[in-house]
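Subject: The structure I promised you

Hi,

Here is the structure we talked about, ready for you to open. Have a look around first, then read my notes below.

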Amino acid sequence: MIPASLDAHFVPHHVGVVMDGNGRWATRRGLARTAGHGAGEEALVDTAYGALAVGVKVLTVYAFSTENWRRPIDEVRYLMNFNRGLLERRQHELHAEGVRITFSGRRDWRVPKGVLKRMDEAAQLTKDNRVMTLNIAFNYGGRAEIVDAVKRLVQDRVPVDKIDEKAIRERLYHPELPDPDLMVRTSGEFRTSNFLLWEMAYAELVFTEVLWPDFRREDLYAAIEEYQRRDRRFGGVDS
Ligand code: IPE
Ligand code: IPE
Ligand code: MG
């Protein structure tokens, strides 16, 4: 249930989530790390429904970073198959709820063709939905995103005196999405790990000890309440 103390008129438009702690969740149970990733599906679905219920318009979730290729090959393979399967299992119910599914990240040769195909299918199926955007950061890195934007500036032959923040922003993966207002990271780590570097310039950061597979909509609501207690000044002074 949405807590009465949550101000329904002041819900963050865009929430970013670093879904961390799957490996530790599994290890504590004597399971393989991959079991933690599998258990994260319920957390993701419940969080997405909670975001829908409370009126969040964009939910960006960090599913696989450009640095996660450093993990053991079996874990990487599991994550690729898992994310493909997750789209197969969930895209229709999310579509029925009016969720538009988008992706942020590099489509490089390391991402299996079958995964890219499912991503395209999910994006195509849901492209006209307007209730909420679920943006999945997959093979995503904040630095890579900025590098890709700079490459496009050069390809577009933008003159030096026309290079400004707007010119860069327009070349990010999803310029149509507003910057995140709130970033939540689970598992008690206090870092961004290359998530939405450009876009998070003025996001409120909320950290929780909860491991991702245990995260539920109530934890999202608690993070939103924490956000509502913050004083966002954007470099100015209180009015
Ligand atoms: C987050 O959980 C999932 C991904 C990075 C894909 P981890 O796998 O990083 O879990 P911990 O941090 O090792 O516990
Ligand atoms: C961040 O978690 C990436 C994702 C959640 C997909 P990591 O577990 O990869 O980050 P570090 O290694 O702790 O910084
Ligand atoms: Mg981690």
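Start with Asn68: a polar atom of its side chain lies 2.9 Å from an oxygen atom of ligand 2. That makes a polar contact, meaning a pair of N or O atoms within 3.5 Å (inside the protein, one must be able to donate a hydrogen and the other to accept it, and residues adjacent in sequence count only if both atoms are side-chain atoms). Asp20 has a side-chain N or O atom 3.2 Å from an oxygen of ligand 2, and for a polar side-chain atom of Arg185 the distance to a ligand 2 oxygen is 3.3 Å. On its own, ligand 2 exposes 390 Å², and the protein buries 78% of that (accessible areas by the Shrake-Rupley method with a 1.4 Å probe; for residues, only the protein chains shown count as cover).

A word on the ground rules: this is a predicted model, where local features need pLDDT of at least 70 and side-chain atom pairs pLDDT 80 or more, while totals for chains, interfaces and linings use all residues. Residues are numbered from 1 along each chain as its sequence is written, chains are lettered from A and ligands numbered from 1 in the order written, and side-chain values use heavy atoms, leaving out hydrogens and water.

Which residues are around ligand 2? Besides Asp20, Asn68 and Arg185, they include Tyr62, Phe64 and Arg71 (a residue is near if one of its heavy atoms lies within 4 Å). By class, the shell has 5 nonpolar, 2 polar and 4 charged residues (Ala, Val, Leu, Ile, Met, Phe, Trp, Tyr, Cys and Pro are nonpolar, Asp, Glu, Lys and Arg charged, the others, Gly among them, polar). Strand S2 (residues 58-65) gives the largest share, 3 residues (helices, H or I, of at least four residues and strands, E, of at least two are DSSP runs, numbered from the N terminus).

Now for aromatics: the whole structure has 11 aromatic pairs (Phe, Tyr or Trp rings, Trp by its six-membered ring, with centres within 6.5 Å; planes under 30 degrees apart are stacked, over 60 edge-to-face, the rest tilted). One of them is Tyr62 with Phe195, stacked at 4.6 Å centre to centre and 20° between the planes. Tyr62 is in S2 and Phe195 in the loop between strands S5 (182-185) and S6 (204-207), 133 residues apart.

On to ligand 1. Asp20 turns up again, with a side-chain N or O atom 2.8 Å from a ligand 1 oxygen. Asn22 brings a polar backbone atom to 3.1 Å from an oxygen of ligand 1. Alone, ligand 1 exposes 380 Å², of which the protein buries 87%. Helix H1 (22-28) supplies the largest share of its shell, 3 residues.

Happy exploring!
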